[in-house]
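Please look through the sequence and the model below before reading on. The short report that follows takes up a few local features in turn.

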Amino acid sequence: MGTEEMTTAEYSLGEDDSVVAVDEQQVKKANKAEARNRWMLVFFSALYVTFIAGAFFGYGPLQLMLEAQGLFEDECQKGEETPCPEQTSRLLQSHFVAQLTLMFTPISGAIADRYSATTLMVFVAFFGVLGLILLIITSSLGTVDNLFYVGDFCLGLMTTSSTVMTVQTGLVFTKVVRQRVISALNTLFDAGALTYLALWGIEQALDCGVTAMLSGYLAVAAFCCGGAIYYWKRVVPVLEDDTVSEHSSQIVDQTNEMDQDESGNSQRHGSEDVENHESNGDDSRAVPETNDTFYVMIVNRDPPQQLKSKLFIVLCTFFAIHGTQNNFTITTARDFLAYLGDDETGNKYLTIFTLLTPVSILGLPFMDFVLNHYGYAAGFQCINILSLAHGIIMVSSDNLNVQVLGFLIFSFFRCFLFTVSFSFITTFLGNRVVGRGSGYMTFWFGLLSFINVGLSSWAINGLDGNFFWPNFILTLAVFPCIALAWIMGKCIDKEHRAKELLKGEAA
């Protein structure tokens, strides 16, 4: 049914060409049911994204619980005060390893594109439940600490696949609603960092133990994911026609700038594309720039060519650099703040850091304003500004109170990074490629995150817990991103000019 309103229709029955009018009231009822199913899907998606998937990024409180439980305590020397550096290093290492599941997201995207979002949701639920079961076993037995690596890895698969699911959920809507649903779900991903903090508080208040607390959490996960699966079976993504004027086919590039890295030889590229469209009967949309040069809008290229486009490659690079900064900050927050003296405050500032995570939802109207009035290029530069401001605060001050300002900026940085990036790919990739596109974006992010393992080990074991130099290096990485955002702006302008030219031809 999609998002198009059904109208009173007539159907031909049999050879006698008798006609039956569909009752208008039944049509309206069906439309309401379809809309209700879509919004119930958003509701359950918001639940599991916030309380299950997003929890993965609020690792600090979970690390405190695991340290108290004695996980990896045997890494410490006899009589050494715990948590010792070796124990902390193992706990950080396990979570960095789990973050490498980002490299599996192309598989998640392919599942969504080739099979269905429902199939991917089942995948998400399976690994989420399995991961929690393994964490329960680890905490209850106390003799199989290395099993935590497997459990956290499963939770990582669940979380990273959920990033693809946020985009798929947006695809059951169109246009501005689609952008806002994707933005809202990614913001709730940030808010999910509160989940482990809440569980830590429950465990402390009830003195119920980590095992009992995780068992209750498992039941919550089953409910949230089960509801999402139920409603995914009742709605389908809106597969809009990728060849409409909004995402047009072949148009002239007035700037006379062919992307050499996309085609190798601009004249040959254009000629081949014309031949392909002629063979499909689409030559009427081919508008020549010169006698033999054409520019093909990304959305109408073959799926592999869409994923090799200059705009997509630059976006992946931009997202990978900032995503690596994001993961490093989140995973090392507990130890970074401990070096500044947070342990002496009873981890008060770690709690503040986590509590400020969902504040980014207040930035949604501002982000919506920026995107609608100034475009995505401005949105990407806002990400750069926020990242640079946060990095400067981290490396310039040892005052924990000053770091609170950095926490607030970091919250908005995360919100902008994920919401702008994931909503952006739906504007230039075909709907049948978006799943793989979001998967590959996250893949390169995960691949680059390998460096976080070395940076964290260097800080803890080589710099006695001082994170200044790793944070300084990651702050410097913002400057190439400024250039990358500028390049994306140029590519966006090219696509917009192309679209306007084709509209003019059609008029």
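## Disulfide and cysteines

How many disulfides does a search of the whole structure find? The search finds 1 disulfide, where the term means a pair of cysteine sulfur atoms within 2.5 Å. This is a predicted model, in which local features need pLDDT of at least 70 and side-chain atom pairs count only at pLDDT 80 or more, while totals for chains, interfaces and linings use all residues. Residues are numbered from 1 along each chain as its sequence is written, and side-chain values use heavy atoms, with hydrogens and water left out.

The disulfide joins Cys76 to Cys84, with an S to S distance of 1.9 Å, and the link is left-handed, with -90° about the S-S bond. Cys76 is buried at a relative accessible area of 11%, and Cys84 is buried at 1%; buried means under 20% relative accessible area, exposed over 50%, and partly exposed in between, with a 1.4 Å probe and protein chains only. Cys224, by contrast, is in no disulfide, and the nearest cysteine sulfur, that of Cys225, is 6.7 Å away.

## Helix 2

Helix 2 covers residues 59–69 and is mostly covered, since 9 of its 11 residues are buried; helices here are DSSP runs (H or I, at least four residues), numbered from the N terminus. Among the buried residues of helix 2 are Tyr59, Pro61 and Leu64. Just after helix 2, Gly70 takes a positive phi of about 90°.

## Ile137

Ile137 lies in helix 5, residues 117–141, and counts as partly exposed because its relative accessibility is 31%.

Conventions
Helix = DSSP H or I, 4+ residues; strand = E, 2+ residues; numbered from the N terminus.
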